[in-house]
Amino acid sequence: MSQIYDRVALIGLGLIASSMFWAIKRAGLAGEVTGYARSEDTRETARRIGLCDRVCDTAQEAVEGADLVVLCVPVGAMGPVAQDIAPVLKSGATVTDVGSVKRHVIEAVGPYIPDGVHFVPAHPLAGTEHSGPESGFAELFDNRWCLLVPVKGSDPDAVAQLRALWEGMGANVDEMDADHHDLVLAVTSHAPHLIAYTMVGVADDLRRVTDTEVIKYSAAGFRDFTRIAASDPTMWRDVFLTNKDATLEILGRFTEELFALQRAIRTGDGEQLFDYFTRTRAIRRGIIDAGQDTDAPDFGRGKATT
Ligand code: NAP
């Protein structure tokens, strides 16, 4: 794979940024990668483990001269970071991000992008419940989707160049508009996370089932919930605060379905339960047939999850 950008700046050095760094290095996609994190601790860790060719003490220093700037901070922090770096962005550079919500990022970052700088928001659909500079690995994006969400007037060449970077990091790339992205993610990721957080909270509250029993007899379903519910609290707080409408819409639908199933259980309507579970089973088969999952016990994911 050949070099796509001369210099890439990663702002925020957590799971996604560190995975990007290792994936960029694996394929030789950038001449130099600079990095910045707000805490001295994270910057020190990054220097110790060789994360980034150069770790800078300010975001502006990391961004200076960069051809691509990737905002890898929680969604709620994107606007202030963009404001901070705006004065030093190089003319002709591209600014992108990896945030899990797109409409909010476009509204928060867009106004700070100077004329002559391209803005191409993006979202890799890959992650784990781990966070921080030491949690990244080069394979995170392999065969996962990365959605590009070009804004009005995004330069096609800048979009194509960013697409090439993500493909070089192993991802499959699609384009989508921001509102549709936020709705799709509310269904596939945001609402399921909230349900997992709730289920783990309920198990914790239910004192008739002891903690040791929950741990000891935890079958795959609940174990998966606890893994998801261990995800970073800051990141997920920001996701729900900034993708409010779509998540509330999906949670409303979810609650209605839950009530219907609750009623079927109470009235002993086995046929409704059977039909419902038959339909959901077919959906699962569709996902496997589309190559997005496997029947393997770990769903073929190793340590990566979406
Ligand atoms: P992470 O591992 O928790 O790392 C976050 C980084 O952002 C850290 O370097 C942190 O700096 C910095 N940061 C936090 N708050 C900040 C603030 N207010 N101002 C400046 N910097 C700040 O997070 P991540 O999982 O890589 O997520 C980063 C972005 O990727 C988020 O927008 C998230 O929505 C998106 N994303 C995450 C996943 C996932 O599964 N994790 C998947 C796809 C997309 P310090 O270390 O110095 O505190």
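Tutor: Happy to! Keep in mind that this is a predicted model. As for cysteines, Cys146 is buried, with a relative accessible area of 0%.

Student: Is Cys72 buried or exposed?
Tutor: Buried, with a relative accessible area of 12%.

Student: You mentioned Cys52. Where is its place?
Tutor: Cys52 is in the loop between helix 2 (40–49) and strand 3 (54–55). At 8% relative accessibility, Cys52 counts as buried. Its backbone deserves a look too: phi of Cys52 is positive, about 90 degrees, although the residue is not a glycine. Most residues other than glycine have a negative phi.

Student: Which other residue has a positive phi without being glycine?
Tutor: Asn143, with phi near 60 degrees. Asn143 is in the loop between strand 7 and strand 8, and at 52% relative accessibility it counts as exposed.

Student: What else lies in the loop between strand 7 and strand 8?
Tutor: Glu139 is one of the residues there, and it counts as partly exposed at 44% relative accessibility. The C-alpha atom of Glu139 is 8.1 Å from that of Met169, although 30 residues separate the two along the chain.

Student: Switching topic: the ligand. Which residues come nearest?
Tutor: Of the 27 residues around the ligand, the nearest are Leu13, Ser39, Thr42, Val73 and Ser100.

Student: What does the backbone do there, say at Leu13?
Tutor: A backbone N or O atom of Leu13 lies 2.8 Å from an oxygen atom of the ligand. Leu15 has a polar backbone atom 2.8 Å from a ligand oxygen as well. For Val73, the distance from a polar backbone atom to an oxygen atom of the ligand is 2.7 Å.

Student: How much of the ligand does the protein bury?
Tutor: The protein buries 84% of the 910 Å² that the ligand exposes when taken alone. The elements giving two or more residues to the shell around the ligand are helix 1 (15–27) and strand 7 (122–124).

Student: And how do the residues of that shell divide by type?
Tutor: Around the ligand there are 14 nonpolar residues, eleven polar ones and two charged ones.

Student: Okay, on to charges. How many salt bridges does the structure hold?
Tutor: It holds 15 salt bridges. One of them joins the side chains of Arg26 and Asp142, at 2.7 Å from N to O. Arg26 lies in helix 1 and Asp142 in the loop between strand 7 and strand 8, so this pair ties together parts that are 116 residues apart in sequence.

Student: Which salt bridge has a buried Asp97 in it?
Tutor: That would be the bridge between the side chains of Asp97 and Lys102, which meet at 2.7 Å from N to O. Asp97 has a relative accessible area of 0%. Lys102 is buried as well, and its relative accessible area is also 0%.

Student: One more pair, please. What does Glu175 form a salt bridge with?
Tutor: With Arg163, where the closest N and O atoms are 3.7 Å apart. Glu175 belongs to strand 9 (residues 172–175) and Arg163 to helix 6 (residues 156–168), with the two twelve residues apart. Glu175 is partly exposed at a relative accessible area of 43%, and Arg163 is partly exposed at 26%.

Student: Which residues do salt bridges with shared partners join into one network?
Tutor: Glu40, Arg43, Arg47 and Asp57.

Student: Great, thanks for the tour!

Technical notes. Residues are numbered from 1 along each chain as its sequence is written. This is a predicted model: local features need pLDDT of at least 70, side-chain atom pairs count only at pLDDT 80 or more; totals for chains, interfaces and linings use all residues. Side-chain values use heavy atoms; hydrogens and water are left out. Buried means under 20% relative accessible area, exposed over 50%, partly exposed in between (1.4 Å probe, protein chains only). A residue is near a molecule or strand if one of its heavy atoms lies within 4 Å of it. A polar contact is a pair of N or O atoms within 3.5 Å; within protein, one must be able to donate a hydrogen and the other to accept it, and residues adjacent in sequence count only if both atoms are side-chain atoms. Accessible areas come from the Shrake-Rupley method with a 1.4 Å probe; for residues, only the protein chains shown count as cover. Helices (H or I, at least four residues) and strands (E, at least two) are DSSP runs, numbered from the N terminus. Ala, Val, Leu, Ile, Met, Phe, Trp, Tyr, Cys and Pro count as nonpolar, Asp, Glu, Lys and Arg as charged, and the others, Gly among them, as polar. A salt bridge is a side-chain nitrogen of Lys or Arg within 4 Å of a carboxyl oxygen of Asp or Glu.
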